[in-house]
Amino acid sequence: MENLQYKDGKLLILDQRLLPNEEKWIEIKNKEQVFDAIKDLAVRGAPAIGIFAGYSMALFSKDNDIYKLKEYLDSSRPTAVNLSWATARILRAYESGKNLLDEAVAIHKEDIEMCKKISEYGLSLLKDGDGILTHCNAGELATSKYGTGLGPLILGKEKGYNFKVYSDETRPLLQGARLTSYELEKAGIDVTVICDNMAGFVMKKGLINAVLVGCDRVAANGDVANKIGTSSVAVLAKYYGVPFYVLGPYSTVDFNCKTGDDIKIEMRDGDEIKKKYFEKPTALEETKCLNPAFDVTDNSLITAIITDKGIARAPYEKSLKELLK
């Protein structure tokens, strides 16, 4: 399932804001469209944002100062470290005299291989027939192929595994309902959408053997920034003794960020809570809304962090660095 295409000199994205009801491709023609596509979540998911940013830097640096372009694009979603990682890589390629489009294509191809490795490591922790809880969307729509959080499920399906997946709807943007269930249905995987506040119910009933979630930034101590609501799921998993696995590319590990307290959390428009996806507002116009895009899951709640370089377990300050050896 593709979310981005580059062919014949044109960059196109699948508008994820319209899924699952409409599959619409948009041609990206300038830096403003890039910024808006990332900010407004037409493109979303840390690896996918990085791939998109790589192509965008390569294409639009021809008409823009590349240093200012990097700064501009990085500001569209500051929490997603893959964004600044990809723009920095293209900038290094520019300074080294490399072909920028070749570097962008390399980022894309490497992400496919990265997702395959994450999926294989993740699948090694699961059993055929397991019940899996997901939150937000971390599949092919958020990456290049297979995905991170959903990767073991999609790879497992290819290998003959059968999972029973419960997908949190993921308020307020409903990525779990709109996107995860869409991807899993297309892949032929048994999926049931549940309200976010049902996670404890399905765990208590013994329906969940593991929780799989993606990540947008990992601090040096193993604290993880995930989609808002993920830390609540982690607390429930800890209480019920369910393994809680975080899956993401090693590039999301930010060793300059010592703890989760150092992760900048993006605050989004409150109207997403009371107006988006509703025919009528669910609260009065004057009612205030608090709408952080992410929260931070404390490392003490995480069973393992699964990357393309291997599986890290507590203490994460040590194990995350050891994966580089």
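Buried means a relative accessible area under 20%, exposed means over 50%, and partly exposed lies in between, with a 1.4 Å probe and protein chains only. By that rule, Tyr 277 is partly exposed, because its relative accessible area is 34%.

This is a predicted model, in which local features need pLDDT of at least 70 and side-chain atom pairs count only at pLDDT 80 or more, while totals for chains, interfaces and linings use all residues. Residues are numbered from 1 along each chain as its sequence is written, and side-chain values use heavy atoms, with hydrogens and water left out.

**The whole chain**

Begin with the entire chain selected. Its C-alpha atoms fill a box of roughly 55 × 55 × 40 Å along the principal axes.

Colouring by accessibility shows 56% of the 325 residues as buried. The chain exposes about 14,300 Å², of which carbon and sulfur atoms supply 49%; accessible areas come from the Shrake-Rupley method with a 1.4 Å probe, and for residues only the protein chains shown count as cover. Among contacts with a separation of 6 or more, 73% join residues 24 or more positions apart, where contact means heavy atoms within 4.5 Å.

**The sheet of S1, S2 and S3**

Select residues 4-7, strand S1, and residues 25-28, strand S3. Together with S2 they form an open sheet in the order S1-S2-S3, with antiparallel pairing. S1 and S3 are the edge strands, each pairing on one side only. Two strands pair if DSSP finds at least two bridges between them. From one strand to the next the twist averages 25 degrees.

Ile 13 has Ile 26 of S3 as its bridge partner.

Then move to the loop between S2 and S3, where Pro 20 is placed. The peptide bond joining Leu 19 and Pro 20 is cis, with omega about 5 degrees.

**Helices H4 and H5**

Show residues 81-95 (H4) and residues 100-123 (H5): the two helices pack at an angle of about 145 degrees, with axes 9 Å apart. Axes are lines fitted to C-alpha atoms, for helices over the stretch in contact, and angles run from 0 to 180 degrees between N-to-C directions. The crossing is right-handed.

Display side chains to inspect the interface. The H4 residues that meet H5 include Trp 85, Arg 89 and Tyr 94, and those on the H5 side include Leu 100, Glu 103 and Ile 107.

**The parallel strands**

Select residues 131-134, strand S4, which pairs with S7 in the parallel sense over three bridges. Leu 133 has Val 211 of S7 as its bridge partner.

Strand S7, residues 210-213, pairs in turn with S10 in the parallel sense, again over three bridges. Both faces of S7 are covered: Ala 210 and Leu 212 lie on one side, Val 211 and Val 213 on the other, and all are buried. Val 211 stands opposite Phe 244 in S10, and Val 213 has Val 246 as its bridge partner there.

Continue to S10, residues 244-247, where Phe 244 and Val 246 point one way and Tyr 245 and Leu 247 the other, all of them buried. S10 also pairs with S13, residues 304-307, in the parallel sense over three bridges. The partner of Leu 247 in S13 is Ile 306.

**Backbone details in two loops**

Select the loop between S5 (164-168) and H7 (175-187), which holds Pro 172. The peptide bond from Arg 171 to Pro 172 is cis, with omega near 0 degrees. Leu 174 is in this loop as well; although not a glycine, Leu 174 has a positive phi of about 60 degrees. Leu 174 counts as buried because its relative accessibility is 17%.

The last stop is Tyr 277, in the loop between H10 (271-274) and S12 (294-297). Phi of Tyr 277 is near 70 degrees, a positive value in a residue other than glycine.

Conventions. Helix = DSSP H or I, 4+ residues; strand = E, 2+ residues; numbered from the N terminus. Left-handed = near helix turned anticlockwise from the far one by under 90°.
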